Amino acid sequence: MIENKFVSKSRTVAVVPVPFSGGQPKDGVDEGPIRLLEFGIIDQIKELGWGVDFSGEVGSFEHLRPESDPDIGNMKNPRYVSRVTKAVSEVVEAQAKKGHFVLTLGGDHSLGIGTVSGTLAAYPDACVIWVDAHADINTPETTETGNLHGCPLSFVTGIASEAPEFEWVKPALATDRLVYIGLRDVDDAEKEILKKYNIKAFSMHEVDKYGIGEVVKKALEHVNPNLDRPIHLSFDVDALDPSVAPSTGTPVRGGLTFREGHYICEALYETGCLVATDIVEVNPALGDEASLYQTVAVGCSLSRSALGETLL
C-alpha cells in the first residue's frame, strides 16, 4: 500500500456520480455512473482498504436545466453545462479539502470543467494528466460541433475567450502542468492550440514508439518532475481502443490496450501524488449488452487501479 502524500490518513474515497449528458448530443451517457455503481464499484473500493464517502444516491441535475438554453455562438447548452459543472466543482473542492481522494463517475467529459476546477481550488499547484483520444481543448470559437465535451481544457487553462456563462471558471491550470496521453483524433484548430501554447502531448504514435511505461515516465517528468505536486487524472474511456471499451460516444480505432490503460492508472497511484480521478464517457445506450458489460467492467477496473489494485 503506497502512502499518499496529500490524501488524509483516513484513506477515504469520495465517490461523486454525475449523471450528465449535456456536453454532447448522444443519449445515454448520463446513465454511465448508475451502471458503474450497479456493477459494485463501491464494494470494490472498500475491498482495497479504502473508506468510502457516498450518500448511496445518484442525484439529478434536472433542477439546474434552464427553461431556455439557446446557443451562444457555437456553444450548445452553455447555461446547463455551466450550472452543472459549477456544482460539480464545488463538490470536488469540498471533498478534496477534507483530504479525501475524489473519484468522479461521468457523464460526459464537459464535466472536466468542474472536476479540474474543484481540484485546483483545493490544490492550486496540482497538475493534470488527460487520457483521451481527443484533445478537448477547442475554444467556443474553434469548436465545429459546439459540443462542450470537446472544450473543457480551454476553459480551465484560460485559452478560451471570456464567456459570460462561464465567468465562474478560473483559468487556474497553467499549460505546463497539463499533459495528454493517448491522443489520436485531434481537430486542426486544436493542433494549432497545442503548438501555440507548447502543451505536452503523447499521441498513440509516441505510445507505439516508446511504450506506455516510457510515455508515463516522460509525462510525469514534464508536469511533476519532483513528484511533489498533486495529480488529477481525467480518463475518458474512449482513450481505450473500441475493442476494449466499445460503449462510448466517440470511439476511435487504434487506441490504448486494456493493459496500457491500466498501467497509466497503476503508475500514477504508485507516485503517491494522485488525488482525483475522473472516469467518463461510459454510455450504456451504445452497443449491445456484452459491449456495455465490457465497458462498465473496464471503467470499474481503471478506478481500482487508480486506487492501488495490483496484479500481484
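Where is the place of Gly114?

1. Gly114 sits in helix 4 (residues 112-122); helices here are DSSP runs of H or I with at least four residues, numbered from the N terminus. This is a predicted model, in which local features need pLDDT of at least 70, side-chain atom pairs count only at pLDDT 80 or more, and totals for chains, interfaces and linings use all residues. Residues are numbered from 1 along each chain as its sequence is written, and side-chain values use heavy atoms, with hydrogens and water left out.

2. Gly114 counts as buried because its relative accessibility is 0% (buried means under 20% relative accessible area, with a 1.4 Å probe and protein chains only). Leaving aside residues up to four places away in sequence, Gly114 touches Thr85, Val88, Ser89 and Trp168 (contact means heavy atoms within 4.5 Å). Between the C-alpha atoms of Gly114 and Gly73, 41 residues apart along the chain, the separation is 21 Å.

3. The axes of helix 8 (residues 212-223) and helix 9 (residues 258-270) come within 10 Å and cross at roughly 40°; axes are lines fitted to C-alpha atoms over the stretch in contact, and angles run from 0 to 180 degrees between N-to-C directions. Helix 8 contributes Ile212, Gly213, Val216 and Leu220 to the contact, and helix 9 contributes Glu260, Tyr263, Ile264, Ala267 and Leu268.

4. Helix 10 (residues 289-306) has 18 residues and reaches 26 Å from its first C-alpha to its last, close to the 26 Å expected at 1.5 Å a residue (1.5 Å times one less than the number of residues). Of its 18 residues, 13 are buried. Just after helix 10, Gly308 takes a positive phi of about 110°.

Conventions. Helices (H or I, at least four residues) and strands (E, at least two) are DSSP runs, numbered from the N terminus. Buried means under 20% relative accessible area, exposed over 50%, partly exposed in between (1.4 Å probe, protein chains only).
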